[in-house]
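Trainee: Please take a close look at one part of this structure, the surroundings of the ligand. Then place that part within the rest of the chain.

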Amino acid sequence: MAISFEPTPSTVESRDYYNRVAREQMRPISRKYDEQEHDLPREWVDWYWETGRKRPASTAKLGDETDGMIQVCVQAEELCWGDAALYLRMPTPALGGSAVAAAGTPEQRKRFLSGFRAEGGHPIWGAMAITEAAAGSDAAAIQTTAELDESSDEWVLNGTKIFCTAGEGASQAEGGFVVIWATVDRSAGRAGIKSFVVPAGTPGMKLEGCEKKLGIRASDTATLVLEDCRVPRGNLLGSAEVKKRDAKKTGDKGFKGAMATFDASRPIVAAMAVGVGRAALDFTLEELERNGIRVRWEAGLHEQSAVERDLLEMQAELQAARLLTWRAARMLSLGKANSLEASMAKAKAGLSVTRITQKAVELLGPPGYSTRMLAEKWMRDAKINDIFEGTQQINQLIVARRILDYPSSVLR
Ligand SMILES: Cc1cc2nc3c(=O)[nH]c(=O)nc-3n(C[C@H](O)[C@H](O)[C@H](O)COP(=O)(O)OP(=O)(O)OC[C@H]3O[C@@H](n4cnc5c(N)ncnc54)[C@H](O)[C@@H]3O)c2cc1C
């Protein structure tokens, strides 16, 4: 499939806008909220709610012949160049929104997402909670249950979700919501897993606390406990039917619909990684230049210094990750199946950003390891891109399955 990697004028304009936002709104408070881990970055959240969200990331819709999804990735790259943790703290539907968009009906999309577009009000968040103590990579092992109470026409949820990004905001600020993955039938394995929208403040959904983390510290990563938490029947996304076979033919968007969320979210996480990697590379190049070291990009292999060689490799890693990301994004915009490309981009970008940021700290010398510079923070922020939205290993596994055409029951 031919894909143009030349950004359209509107993508360039969007990139410039978000680069300004990153420089002016995010960088100045980046260190502050890395150190004040559990404080709400009020100035950023309020600015975004009042000003930032009014500029849509893209005017394009899925399936448009435009670079709509590429614009979403460009936005993520620029804002994560500013600060990845503050990006994750933006009051948006985030992954919860992707889940509603992927598996919900038009009515559900309107019901759960319109609050994010409404004028005024207070900042709200969306989140998606899959992970449990015994279910991470293997989502089919989910223990949280959902039982239908026919008498009240409500689903009753019970279980504990851990490591939920934006889980504090999404469970507490009225108008927000958490998409909870739960099983309606444990014996059915993955076919029994469905996703449920639990609005913020629903009795029975308790915020147990937030993690203290290595990186992306300004992002709230919550533990949520569900105890007889009731939501209306209509809050289940997709069909309640448990079909072990032919989900595609029957149009059951349950587990498959929920998994489809990743086709949209992995390119965005890959773009986040590219943003953090670029922050580290740009800064390293600026510092070297300030110290009178000019990189000879054009130098032949035998003429390059060791540092130049490192920088060329960093640059190549970054470009490769971005191109894979844009390919996966573009395919999504065109409505084409992109699971393979989304996992490729996510795996490549996660690995690249960890390498690039570590190299940056190395090349910057001792100050790079000090909190005087942001390089050490970027190195800490980088690693998460190799963990959430499918770990490095899991994305590589998906790529292998798709290329070799092995089912998950065979290659696991
Ligand atoms: C900061 C942060 C934010 C997060 N946000 C969210 C969120 O918003 N929502 C959410 O639901 N979850 C979230 N997570 C959880 C994250 O998605 C999981 O940590 C991740 O999916 C891995 O699951 P696990 O931790 O249970 O690891 P495990 O699945 O136990 O894996 C442990 C290790 O084994 C490897 N491994 C596992 N299976 C295989 C295999 N078949 N082949 C090869 N290697 C394998 C993994 O790659 C990993 O290296 C977040 C995690 C963190 C740290």
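Mentor: The account below starts with the whole chain, turns to the ligand shell and ends with other parts.

This is a predicted model, in which local features need pLDDT of at least 70, side-chain atom pairs count only at pLDDT 80 or more, and totals for chains, interfaces and linings use all residues. Residues are numbered from 1 along each chain as its sequence is written. The average pLDDT (the predictor's confidence in each residue, from 0 to 100) is 92 for the chain, and 93% of the residues score at least 70. Residues 59–64 have a pLDDT below 50, and beyond near neighbours in sequence this stretch has 11 contacts in the model; two residues are in contact if their C-beta atoms, placed from the backbone, lie within 7 Å. Residues 246–251 also stay under 50, with three contacts beyond four places in sequence.

There are 13 helices and eight strands in the chain. These elements are DSSP runs, numbered from the N terminus: helices are H or I of at least four residues, strands E of at least two. The chain is as compact as a globular protein of its length, because its radius of gyration is 21 Å, close to the 22 Å that the globule rule gives for 412 residues. That radius is taken over C-alpha atoms, and the rule is 2.2 Å times the number of residues to the power 0.38. The C-alpha trace spans about 75 × 50 × 40 Å along its principal axes. Of the contacts with a separation of 6 or more, 75% join residues 24 or more positions apart.

The domains, whose bounds come from an automatic or database domain assignment, are domain 1 (9–92), domain 2 (101–247) and domain 3 (256–404).

Now the ligand. The shell around the ligand holds 22 residues, with Ile130, Gly136, Ser137, Thr165 and Thr391 the closest; a residue is near a molecule if its C-beta atom, placed from the backbone, lies within 6 Å of it. Domain 2 and domain 3 each contribute at least three residues to this shell. Strand E1 (126–129), strand E3 (154–165) and helix H13 (392–404) each supply at least two. By class, the shell has 13 nonpolar, seven polar and two charged residues. In this scheme Ala, Val, Leu, Ile, Met, Phe, Trp, Tyr, Cys and Pro are nonpolar, Asp, Glu, Lys and Arg are charged, and the others, Gly among them, are polar.

Burial is the last topic. A residue is buried if 20 or more other C-beta atoms, placed from the backbone, lie within 10 Å of its own, exposed if 12 or fewer, and partly exposed in between. Buried residues make up 48% of the chain. In helix H12 (residues 375–382), seven of the eight residues are buried, including Glu376, Lys377 and Asp381. Glu174 is exposed because 11 other C-beta atoms lie within 10 Å. Glu174 sits in the loop between helix H6 (167–172) and strand E4 (177–183), and beyond its neighbours within four places in sequence Glu174 is in contact with Ala200 and Gly201.
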